[in-house]
Amino acid sequence: MKMSTMSSPLLLSYREALNQAMREEMRRDGRVFLIGEEVGYYQGAFKVSKGFVEEFGPQRVLDTPITEAGFTGLATGAAMAGLRPIVELMTFNFGILALDQIVNNAAKIRYMSGGQLSVPMVIRGPGSAAHQLGAQHSQSLEAWFCHVPGLKVIAPATPHDAKGLLKSAIRDENPVIFIEAQLLYGTKGTVGEGDYTIPIGKADIKRQGRDVTLVAYSKMLLLALEAGEKLAGEGIDAEIVDLRTLKPLDIETIVASVKKTGRLVIVEEGWHFAGLGAQIAESVYSQAFDYLDAPIVRVTGEEVPMPYTRPLEDAAIPDLARVVTAVKRLLTRG
Amino acid sequence: MDRQDLLSLYRQMLLIRRFEEKSAEMYALAKIAGFLHLYIGQEAVAVGAIAAIGPDDYVISSYRDHGHCLARGTDPCLVMAELFGKATGLCKGKGGSMHLVDAARNFMGGYAIVGGHLPLATGLAFAARYEKRQQIVLCFFGEGALPSGHAHEAFNLAALWKLPVIFICENNRYAMGTPVERGVALYANVTETARPHGIPTERVDGMDVLAVRTLVCDVVQRVRASPGPCFIEATTYRFMGHSMADPAHGHYRTKEEVEEERKRDPLTLLRQTMVANHLLTEADLKPVEREVAELVASAVKFADESPFPPREALYEDVYHE
């Protein structure tokens, strides 16, 4: 067999996978364009759009001034008029400045117009904490977006999922919030070849297990997998569900897993109160209460603005010890 | 001056006037609920400006949007049915008074977060340029939007990227109850708020429909020939309260002031022009009055007889399936 006919998976970084997804979609559809701060000549604040302005030109790769409300609103208007913008937020913390455009305009225009207009747009960029970036650059705000009807919310953890889901998001007819993570950009994984997409709204079981279900997404998925390995060494067989899409939530996959294991731990980096895990727990209680052997446990970020100093920052974010302890405590309950 | 042309402008303004008066009546009868912001007094701005553009151009407005929608040519029956919350309404009863949309006429909507639609207007203009279409955008808003960050971000982007959008500031002197002198630092000439962004500015008497149309025609030509934004201040006055919750003069302006401004009613001004130029007599306007009254009455009848949306409609159009 010739080498050229062999189909082998590629090892790519999360950053490269996103780059490929956007590049393929921009080649496929001339209406797709990328807009945001430093996406062009700087190659993206996190180099996700490396080589884009060179390939697609400044008409389709638009460096903006620091004006999130302005350019997110501009992209929304462009989508209403038939284009398919990808808005890069340098981080989702800055998305707060664009919330009015996202929540009051992008999410509602289809409904308010009785279906006459639609907003096919992706708003993407990193969320959650990296290392010691301080209180204003370290927030996990996905629950805010998940609360809003009209938005879809995606937070992939692996390069393969990132590519397939970003391509689906770009082809979607609705505004899609696509949350990446700074600490994921450099992580590597095998990525399927060619033009594949992953459907929005489908979770993925990243590890099969019998004793307990761990639900996680984005960066916390890696922590859950690590915990799964550690627990396996201690004879505990964890099933790990990667949500991938946060809204619409794939509650069927979660419930099916819980029915098998009888125990659920939700790992999320966001703040505890009114966090995404609270909603997941409510959905599981209402659909699988009788299958639960113990109350659902949430491992979350601490309810504080993110401190700068490393020991305190580490204390504010779920870590391996906390996840493992939570699982063990749950299993000893009953 | 062409008789038919002026009569057509007059008819459009009269339609808005009578439609709005009837809306107020229907609000009093509880046929219309929620917030209702009437356009009475400002008709010459929408009619004059929209008369200056083509069917492919975009129009976008704020929450005081009935006038712009009607001037764009939307069937008054569909607008009234929308105000009544009926299934036959322009937006199936989901939008209401402040969120009229008529996509078929490129009327891209009324928006009720003050200043929030100015960035959308730049996006419509961006899309037109991106696809090399000759469309321009008319973006209407009140002077109350001028201090907002959205407005200035939109001005900067439009100027920076030379987008074909015409910002039309309808300065009716009151942001709800706050007079412009207490809300806009550059109140003496609000066009100054756009000029630092490098946007050419114009001012026009917004009570004079012919002046508005002439100026906007001129600006449209300039923008088509050499893309880039323009800012127009149309000085006007709303004869009614901010919304139906607010009496015509309230505590923030005097009855005398409102009476004084009413002397420059845009419909009266156009009527006087037509009579003075011997284009028609007051008697010639009778059939127009009658036709418009019938049209508005038929809109009410249509709205009244239409069904409310079924409960299943609640979940429709949240997402594009």
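Asp317(B) and Arg110(A) are both buried. In this predicted model, the two residues form a salt bridge with each other, their closest N and O atoms being 3.9 Å apart. Asp317(B) lies in the segment after helix H10 (286-305) of chain B and Arg110(A) in helix H6 (residues 109-112) of chain A, so the pair joins two chains. The count of salt bridges between chain B and chain A is 1.

The surrounding interface brings 38 residues of chain B into contact with 46 residues of chain A. About 3,300 Å² is buried between the chains, with 65% coming from carbon and sulfur atoms. On the side of chain B, Tyr130(B), Tyr319(B) and His320(B) lose the most area to chain A, together 21% of what that side buries. Polar contacts between the chains involve 20 residue pairs, both residues being at pLDDT 80 or more. Helix H5 (118-130) and helix H6 (149-160) of chain B each supply at least two residues of the side that touches chain A, and H5(B) gives the most, with 8 residues. By class, this side of chain B has 22 nonpolar, 8 polar and 8 charged residues.

Over all chains, the structure holds 54 salt bridges. One of them pairs Glu180(A) with Arg124(A) at 2.5 Å, N to O. Glu180(A) lies in strand S7 (residues 175-181) and Arg124(A) in strand S5 (residues 121-127) of chain A, so the pair ties together parts that are 56 residues apart in sequence. Glu180(A) is buried, with a relative accessible area of 0%, and Arg124(A) is buried, with a relative accessible area of 0%.

Methods. Residues are numbered from 1 along each chain as its sequence is written. Chains are lettered from A and ligands numbered from 1 in the order in which they are written. This is a predicted model: local features need pLDDT of at least 70, side-chain atom pairs count only at pLDDT 80 or more; totals for chains, interfaces and linings use all residues. Side-chain values use heavy atoms; hydrogens and water are left out. Contact means heavy atoms within 4.5 Å. Buried area is the accessible area (1.4 Å probe) that two parts lose on being put together, summed over both. A salt bridge is a side-chain nitrogen of Lys or Arg within 4 Å of a carboxyl oxygen of Asp or Glu. A polar contact is a pair of N or O atoms within 3.5 Å; within protein, one must be able to donate a hydrogen and the other to accept it, and residues adjacent in sequence count only if both atoms are side-chain atoms. Helices (H or I, at least four residues) and strands (E, at least two) are DSSP runs, numbered from the N terminus. Ala, Val, Leu, Ile, Met, Phe, Trp, Tyr, Cys and Pro count as nonpolar, Asp, Glu, Lys and Arg as charged, and the others, Gly among them, as polar. Buried means under 20% relative accessible area, exposed over 50%, partly exposed in between (1.4 Å probe, protein chains only).
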